[in-house]
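The following note collects points for a colleague who is examining the model.

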Amino acid sequence: MLAGRDLERAAVSALLDAARAGNGGALVVRGVAGVGKSALLADALSTAPDLQVLRTSGVESESPLAFAALQRLLWPLRARIDALPAPQAAALRAAIGEAEGEGDRFLAFLGTLSLLADAAEKAPLLLIVDDAHWLDDASAAALLFAARRLQAEPVALLFAARDGDARRFDAGDLPTVALGGVTCADADALLSARAGTDVDPAVCGRLVADTGGNPLALVELAGVLTADQLAGRAPLPTPLPLTGGVERAFLNRCRRLDEPAQRLLLVAATDDTGRLTVVREAAERLDAADAALDAVERSGLLRVDGDAVALYHPLVRSAVYRAATSAQRRAAHRALADVLTGDPERRAWHLAAAADRPDEDVVAALDGVAERAAARGGHEAAAAAWARAAELDEASEARGRRLYLAASSAWLGAHPARGSALAQAAAADLTDPLLRARLLALQGQIEWNTRSLNDGYDLVLQAAEAATGVDAALGAQLAMLAASLTAFGARSPRAVDPTALVAEPAPDAPPRVRAAWALLHGFGAVARSEWAAAAETFRRAFALTDADPVDDHMLQPNLGIAAMLIDDDERGLRLHEQQLTAARSAAALTMVEHALTRGVHFQIATGAWSKAAGAAAEALPLTAGTGHPGLTALPTAQLALIAALRGDDDAERHLDRVTEIRDRHPIGITDRLVADLAHWARGLRAAAQPATALHHFEQMEGPEYRRLAALDLFDAAVRGARTDLAHTWLAELERFAAGTGGPAATAVVEHGRALLADDGDAETHFRRALAAHAESPRLPDRARTHLAFGEHLRRARRRVDAREHLRTALALFEDLGATPWAERAAQELRASGETARRRDVTTATALTPQERQVAALVRQGLSNRDVAAQLFVSSRTVDFHLRNCYAKLAVSSRAELTALPLDL
């Protein structure tokens with residue numbers, strides 16, 4: 001029975017109505033045990049006769065089984081899986097145990113979303129997930145992935161999760177309803193309905209006060225207090241029967257049963273199949289027969305429906321299991337393991353729970369569980385299985401190897417703290433040099449991604465040293481990785497040069513090997529600010545790989561980093577587009593995110609701001625779905641900068657979010673990039689106050705972003721009478737330009753010299769800057785130089801000459817959508833005596849970032865289904881955005897959209 005809860009019921013009703021209208025979403029109902037979460041879910045179910053319903057729940061003893069809850073939820077839809085794109089279908093079947101083989105974790109997530117969207121085409125869909133705090137991690141991750149992508153689907157996803165439990169359901173930014181205790185009026189309705197008699201108001205008030213208004217506690221009290229006590233004719237017992245809590249009351253009811261019935265109830269509490277045949281057979285092995293089952297049913301603690309068995313409340317399970325002795329629990333697990341011979345995963349975990357000493361057979365069973373879980377993307381379950389297997393292994397080296405595997409799986413499953421702890425435990429047992437090198441590399445990866453860049457770098461250095469003597473190829477990879485970290489400012493207290501760890505490969509070595517060696521030395525040169533040497537060796541690496549596109553997961557991203565470090569924009573755009581295309585084809589979510597966010601750097605530099613915004617907007621939900629909240633900082637900071645460049649007030653909202661993320665979560669290696677982007681954006685927002693703007697620009701540390709922001713700093717420094725600061729930045733840029741010879745850097749240097757030169761020399765430097773700009777794809781910088789040159793000429797009373805540059809600047813700024821700069825150029829043009837006419841710029845600036853992504857892929861000839869697979873959304877979501885594109889661009893077909901001259 002649900003009493004009251006009007007506000008909460010309204011929130012659920014709004015969710016269901018939105019799903020009926022095709023605007024899906026999710027809602028998390030939170031509260032302590034017994035507060036009425038399940039009752040609210042049941043009430044929602046009763047109001048949705050027109051909706052299809054799928055249900056699942058978390059089970060405490062089932063939490064180590066990968067995708068167990070998801071399998072139950074999707075089981076009624078399994079016949080539809082074949083209609084999914086083949087990669088999604090294969091991954092989802094592997095995840096839920098419908099097929100053997102390997103399955104990609106994120107493809108399984110996407111398959112879940114696609115399957116739900118497909119099922120909802122028939123009628124709106126309601127998904128109910130109770131006890132979400134006990135969901136296995138893989139199922140929780142899959143459902144949260146889907147929950148964040150339901151906006152265009154007729155799907156409502158309703159979670160219920162307990163507060164105050166050891167396991168917490170972290171739903172991130174999903175809407176939440178928190179249930180508290182009920183009011184006296186609602187409590188009276190609950191008590192009266194349960195007791196079948198009126199309740200005295202004073203008694204009701206006392207019971208509400210003593211239970212905190214907990215509905216389950218009130219209902220249980222109504223069942224044990226007499227009618228006279230409830231009516232106020234007899235005093236209430238002191239203390240109340242539930243003073244020890246509802247769980248204690250359930251335990252007391254259990255202890256009134258005879259011993260065979262208690263053993264059967266313990267088996268039911270230990271079981272996670274919910275099948276009567278399993279519970280009955282296991283109980284019979286403990287001498288608990290049908291009479292025991294009858295007794296437990298009569299107690300009300302257990303319900304049987306056909307072959308399904310369910311405990312009255314989850315607290316019955318925890319009360320009974322925790323009150324049993326360790327020997328009793330092991331006996332129950334052993335009995336269940338003996339029965340579950342056809343379910344290797346559950347059998348292995350029951351054997352593990354029954355073991356109290358090393359056991360090779362149990363270790364082997366757990367190894368099998370871990371390997372199968374890892375193969376289908378259930379990394380959390382694999383980590384748990386390998387960790388338990390290590391506990392039951394007597395051999396030190398084998399134990400260390402299993403702990404290493406557990407640590408690696410924990411990291412892949414987005415549990416860095418768990419991974420770090422397991423890796424530390426593995427270090428005490430591992431002696432094999434190659435495994436130790438891999439372990440050190442894993443520890444370094446966790447460290448630089450979640451905590452300290454310097455500590456992570458030092459661990460990778462140690463890994464490279466350890467690997468060099470036993471695996472030259474791995475040693476070379478790790479040395480290159482260490483060197484790339486130094487290019488981002490990583491330092492170690494130990495005087496080890498990663499470039500000295502690897503010998504130069506032979507002239508006839510494979511091109512990729514020689515390219516890796518060149519990158520290694522290029523990164524080392526960057527760390528020493530030896531720009532000429534860095535440019536030379538990086539270009540050698542580019543030449544070695546240009547003829548043969550790279551698909552190496554280590555080499556390819558580092559080629560992109562090299563391009564960024566020497567401002568090779570055209571190559572950087574090409575490399576990241578290749579990486580993105582390959583990652584989309586493979587549906588490799590983490591590599592898609594990496595390619596998107598790293599490509600944004602070059603898109604910002606070259607003025608492809610709409611593409612940059614689309615990439616960052618696409619990357620944001622992908623990073624949110626990885627389980628590492630700190631990863632959302634980079635795309636959020638990129639969105640903040642793009643908004644600031646365009647003069648969009650959304651920049652403030654994004655900047656506030658960046659601050660919140662950095663305060664609450666570790667960022668790792670991208671923290672410097674995030675900080676630089678935020679400082680640049682804040683400096684742009686403070687352009688009217690040069691001193692404030694300079695304060696932010698001065699805090700930028702990364703050379704690559706200091707170069708991108710140099711023209712903004714020069715402008716603020718000149719207007720703020722801080723030419724000393726401009727000279728400092730200019731000297732840094734001059735060294736870089738002289739070493740690399742890049743046209744973009746040369747143009748910025750000449751622009752800076754022009755601003756700082758005497759009037760007689762300024763024009764020469766401006767013209768040199770424009771000549772260099774002609775060789776560079778950086779349109780924003782070119783526009784800035786035209787504007788600055790035009791301003792200089794107007795101040796020199798050469799108005800006719802000024803107009804040419806101001807017109808060019810205005811046109812470029814309008815194409816870019818750089819509103820503040822376009823307004824400044826228009827104002828200068830008017831001051832020169834010419835009316836600035838607003839151009840009808842035929843662009844797609846009215847499209848949202850998501851609409852841009854969809855339009856760009858549709859223009860490549862992809863179907864909605866293929867676009868959905870590449871963007872990790874559903875086909876219906878693609879259709880929603882595509883229809884918006886048609887409306888905004890005044891077209892009615894894919895052919896017309898493709899024919900438009902758009903820069904997407």
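1. Helix H40 provides the largest share of the lining of the largest cavity, namely 3 residues. The model under discussion is a predicted one. Besides H40 (779–795), helix H29 (589–606), helix H33 (671–685) and H36 each supply at least two residues of that lining.

2. The largest cavity holds about 160 Å³ of space. Its lining comprises 15 residues, and those nearest the centre are Trp609, Leu645, Trp680, Pro780 and Asp781. By class, this lining divides into 11 nonpolar and 4 charged residues, with no polar ones.

3. The count of cavities of 30 Å³ or more comes to 2. The second largest cavity contains about 30 Å³ of space. Arg706, Arg707, Ala710, Trp729, Glu732 and Leu733 line the second largest cavity. Two or more of these lining residues come from each of helix H35 (703–708) and helix H37 (723–740), and H37 gives the largest share with 3 residues. The classes here are 3 nonpolar and 3 charged, again with no polar residue.

4. Among the open spaces, the second largest pocket has a volume of about 1500 Å³. It is lined by 50 residues, of which Asp130, Arg303, Leu311, Tyr312 and Pro314 are the closest to its centre. The lining of this pocket consists of 22 nonpolar, 10 polar and 18 charged residues.

5. Which elements each supply at least two residues of the lining of the second largest pocket? They are helices H2 (37–46), H7 (184–195), H9 (215–224) and H15 (314–323), together with strands E2 (52–57), E6 (302–305) and E7 (308–311). H2 makes the largest contribution, at 5 residues.

6. Strands E6 and E7, both represented in that lining, pair in the antiparallel sense over 4 bridges. Within this pairing, leucine 302 stands opposite leucine 311 in E7. The two strands form a hairpin with 2 residues between them, and glycine 306 in the turn has a positive phi of about 65°.

7. The largest nonpolar core has 221 residues, and Phe159, Phe169, Phe538, Trp680, Phe714 and Phe813 touch the most other members. Trp680 is also one of the residues nearest the centre of the largest cavity. A second, separate core of 37 residues includes Leu216, Val278, Val296 and Val309.

8. Which residues does phenylalanine 159 touch, not counting residues up to four places away in sequence? Its contacts are Ala26, Leu27, Val28, Val29, Val129, Ala132, Leu143, Leu144, Ala147, Phe169 and Leu174.

9. Aspartate 715 belongs to helix H36 (residues 710–719). Is this aspartate 715 buried or exposed? Aspartate 715 is buried because its relative accessible area is 13%, below the 20% cut-off. Apart from neighbours within four places in sequence, aspartate 715 is in contact with Leu755, Arg784, Trp821 and Arg824.

10. Aspartate 815 is located in helix H41 (residues 799–816). Because its relative accessibility is 39%, aspartate 815 counts as partly exposed; that class lies between the 20% and 50% limits. The C-alpha atoms of aspartate 815 and glycine 607 are separated by 9.1 Å, although the two residues are 208 residues apart along the chain.

Notes:
Residues numbered from 1 in each chain as written. Predicted model: local features only at pLDDT ≥ 70, side-chain atom pairs only at ≥ 80, totals over all residues. Heavy atoms only, no water. Buried < 20%, exposed > 50% of the residue type's maximum accessible area, 1.4 Å probe, protein only. 1 Å grid on protein atoms, 1.4 Å probe; cavity = no way out; pocket = protein on both sides within 12 Å on 5 of 7 lines; lining within 4 Å. Points joined across faces, edges and corners; volume = space filled by probe spheres on them. Nonpolar A, V, L, I, M, F, W, Y, C, P; charged D, E, K, R; others polar. Pairing = 2+ DSSP bridges. Core = buried A, V, L, I, M, F, W, Y, C linked by side-chain atoms within 4.5 Å. Contact = heavy atoms within 4.5 Å.
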